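Colleague: I am new to reading models. Please take me through one, feature by feature.

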Amino acid sequence: MDALAQLAQGFAVALTPINLMWCLVGCTLGTAIGVLPGLGPALTIALLLPITFKVEPASAFILFAGIYYGAMYGGSTTSILLNTPGESATIVTALEGNKMARGGRAGAALATSAIGSFVAGTLGTLGIAFLAPVVVDVALRFGPADYFSLMVLAFVTVSAVLGSSAVRGLTALFFGIWLGLIGVDLQTGQARFTFGLQELLDGVNVIVVAVGLFAVGETLYMASRRLSSDDEIIPLRGSLWMTREEWSRSWKPWLRGTALGFPIGAMPAGGAEIPTFLSYFIEKKLSRKPEEFGHGAIEGVAGPEAANNASAAGVLVPMLTLGLPTSATAAIMLSAFQSYGINPGPMLLQSQPQLVWGLIASLFIGNVMLLALNLPMIAIWVKMLQIPAPILYAGILVFATIGTYGISQSPIDLILLYAIGAVGYLMRRYDFPTAPVIIGMILGPLAEQNFRQAMTISAGDWSVFFTRPLSASILALALIAVAGPKLYELATRAPAAGQAT
Amino acid sequence: MSPSSGGARVARGELAVALGALALACVVLWQTLEIPVSPIYARVGPTIIPMITAVGLGVLSLLLIAGALRGGWQTDEEKHATPDRKALLWLAAGLLANVLLIGPAGFSVASVILFTATARAFGSTRPVRDAGMGLAFALLAYFGFARALGINIGAGLLERAIESVLGIAS
């Protein structure tokens with residue numbers, strides 16, 4: 001098998017001492033930021049983007065991938081012990097996991113989530129290795145019009161379908177697209193939206209936006225809500241060794257969670273919320289003890305955790321093969337590729353095999369490291385949960401400032417950071433999702449590029465997007481995704497409304 | 001719309017945010033019209049996507065305004081939660097001091113003030129301890145993170161003094 005030979009080469013890259021070191025640093029850092037409330041992988045990778053000027057691409061991506069996977073492991077620890085899910089995908093873990101911890105079975109909950117994450121992460125990575133070359137074969141036939149339509153589909157699903165409101169999600173998306181448009185237009189050399197400021201000619205730095213939204217905005221929000229939260233850390237009790245019964249109730253949910261999470265994550269629509277919720281409901285249906293659900297059922301931790309990690313692996317497929325990020329973290333990683341002058345897309349596997357296969361191999365190694373970091377050493381991470389909020393958030397803001405000021409030593413960047421932080425606060429306060437901003441900002445310029453290429457090829461004829469079968473069907477999917485739920489709602493509501501009047 | 005929300009009051013916070021979105025849409029439209037277009041690119045020029053963005057934002061902000069006028073979209077619990085204004089003011093003061101001081105006074109001094117003000121916003125009552133921790137944190141961040149990554153964050157007096165003692169050329 002070709003993929004296996006390539007993978008073996010990847011291991012040769014990943015197993016060099018320096019790359020093992022990066023992998024370990026990434027996994028440790030990732031677990032730490034996953035455990036700490038208020039910090040996430042997108043923010044951390046954004047703060048570390050300047051590293052792309054110093055180390056070679058393979059090492060940087062091994063570091064980023066370690067952070068990406070590690071944050072998933074660490075996040076579940078927080079959900080189980082603190083009941084404050086760091087990200088929406090771990091809400092489900094908190095449902096049963098926190099109940100288990102309250103019932104004195106924190107050890108078993110942590111164990112099933114760590115081992116489930118390991119199983120799902122490993123199978124998911126295997127999935128990347130085999131699926132990526134297949135997707136590349138298909139993607140090589142895509143023209144600019146098809147790419148543009150695919151990006152529209154990703155935009156629509158990420159912002160309109162996955163969140164709580166299509167209008168607010170799309171508003172966030174357009175705000176991000178606008179941020180991405182600021183600066184010199186590369187095709188015509190024309191400055192756009194720079195308001196006469198020299199600093200804006202190069203565009204708004206993604207670090208500023210990510211750090212502003214995820215660090216400054218989040219800190220402002222948490223400070224304004226400080227008095228209404230009542231977080232209580234549940235002490236670590238119960239053996240980390242799962243009993244025979246716990247094993248037998250865990251392994252099937254792990255596999256089913258993986259089977260749900262990976263394909264859904266790998267779709268150009270992405271998102272970890274849908275597979276984790278699906279997994280939860282399926283496990284509830286299939287459980288021999290459905291009455292335990294809501295009171296700490298181990299299946300309700302095992303399944304969704306596996307689904308979460310498998311979908312995190314799946315998200316890397318469209319990112320590496322199509323250059324299509326479907327999560328904020330993947331979007332930041334895409335900007336790291338751009339910073340190296342590498343264009344992720346179907347050519348990536350051929351032009352940078354060392355990089356891609358080294359990255360995939362390091363994901364396998366990272367999963368092993370993460371299992372070791374998260375089970376025997378769990379007590380260290382629990383200690384981190386006890387950092388008092390004043391110190392934690394003060395530290396986050398100071399770090400955010402260094403990361404931003406360091407880009408150009410310009411106070412303009414700091415002012416922009418705090419302004420975006422204020423916008424981030426309002427978005428959080430009024431329930432707008434923030435991930436579409438980042439995705440719109442990174443993917444927007446790429447979508448524009450493909451749009452203009454397609455239009456140039458067709459000599460300015462708009463119909464090109466609707467006459468190419470592939471492009472047309474993708475656009476139709478996008479339309480169904482955004483309008484379908486609304487139409488369904490109208491259709492089912494119409495009779496009721498008729499009765500009322 | 002359920003019957004009970006028929007008499008819903010205008011949600012002021014949501015309305016303000018929606019009007020902000022409308023204002024942004026207007027700015028985007030105005031700035032798009034300011035982009036000069038060379039006739040060579042007239043058909044596939046640099047203004048098409050900005051125009052779509054402006055129109056998209058405009059339509060969405062109108063939908064948001066409509067939503068706000070019909071009582072807003074937030075849950076009652078969220079609506080009645082009053083933000084802690086004092087905490088936000090402490091944070092704003094810390095951030096403002098940071099922007100003003102980072103150039104003239106150097107990164108460590110600005111960071112200590114930001115750190116202490118943030119800790120105060122989160123309810124800490126021990127400013128001296130916080131300042132001490134802030135200083136330790138700032139120096140650690142400066143020497144561990146920024147120098148290791150090769151980020152130049154502009155040394156102030158304090159950083160230069162320490163560098164000269166340690167004999168590191170900056």
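Modeller: Start with axes. Axes are lines fitted to C-alpha atoms, for helices over the stretch in contact, and angles run from 0 to 180 degrees between N-to-C directions. Helices (H or I, at least four residues) and strands (E, at least two) are DSSP runs, numbered from the N terminus. This is a predicted model: local features need pLDDT of at least 70, side-chain atom pairs count only at pLDDT 80 or more, and totals for chains, interfaces and linings use all residues. Residues are numbered from 1 along each chain as its sequence is written, while chains are lettered from A and ligands numbered from 1 in the order in which they are written.

Colleague: At what angle do helix 1 and helix 15 of chain A pack?

Modeller: Helix 1 (residues 2–14) and helix 15 (residues 353–374) of chain A pack at about 75 degrees, with axes 7 Å apart.

Colleague: Which residues of helix 1 of chain A meet helix 15 of chain A?

Modeller: Contact means that C-beta atoms, placed from the backbone, lie within 7 Å. Helix 1 of chain A brings residues including L7(A), F11(A) and V13(A); among those they meet in helix 15 of chain A are W357(A), I360(A) and I365(A). Ala, Val, Leu, Ile, Met, Phe, Trp, Tyr, Cys and Pro count as nonpolar, Asp, Glu, Lys and Arg as charged, and the others, Gly among them, as polar. This contact has 9 nonpolar, 6 polar and no charged residues.

Colleague: What is the secondary structure of chain A?

Modeller: Chain A has 21 helices and 2 strands. Its C-alpha trace spans about 65 × 65 × 55 Å along the principal axes.

Colleague: What share of chain A is buried?

Modeller: A residue is buried if 20 or more other C-beta atoms lie within 10 Å of its own, exposed if 12 or fewer, and partly exposed in between; C-beta atoms are placed from the backbone. Buried residues make up 60% of the 501 in chain A.

Colleague: Which residues of helix 1 of chain B are buried?

Modeller: They are E14(B), V17(B), A18(B), A21(B), A25(B), V28(B) and T32(B). They pack against helix 8 (166–181) and helix 18 (411–429) of chain A, together with helix 2 of chain B.

Colleague: How many residues does each chain give to the contact between them?

Modeller: Chain B gives 57 residues and chain A gives 51. Helix 6 of chain B gives the most to chain B's side, with 9 residues. That side has 37 nonpolar, 16 polar and 4 charged residues.

How values were computed: Contact = placed C-beta atoms within 7 Å.
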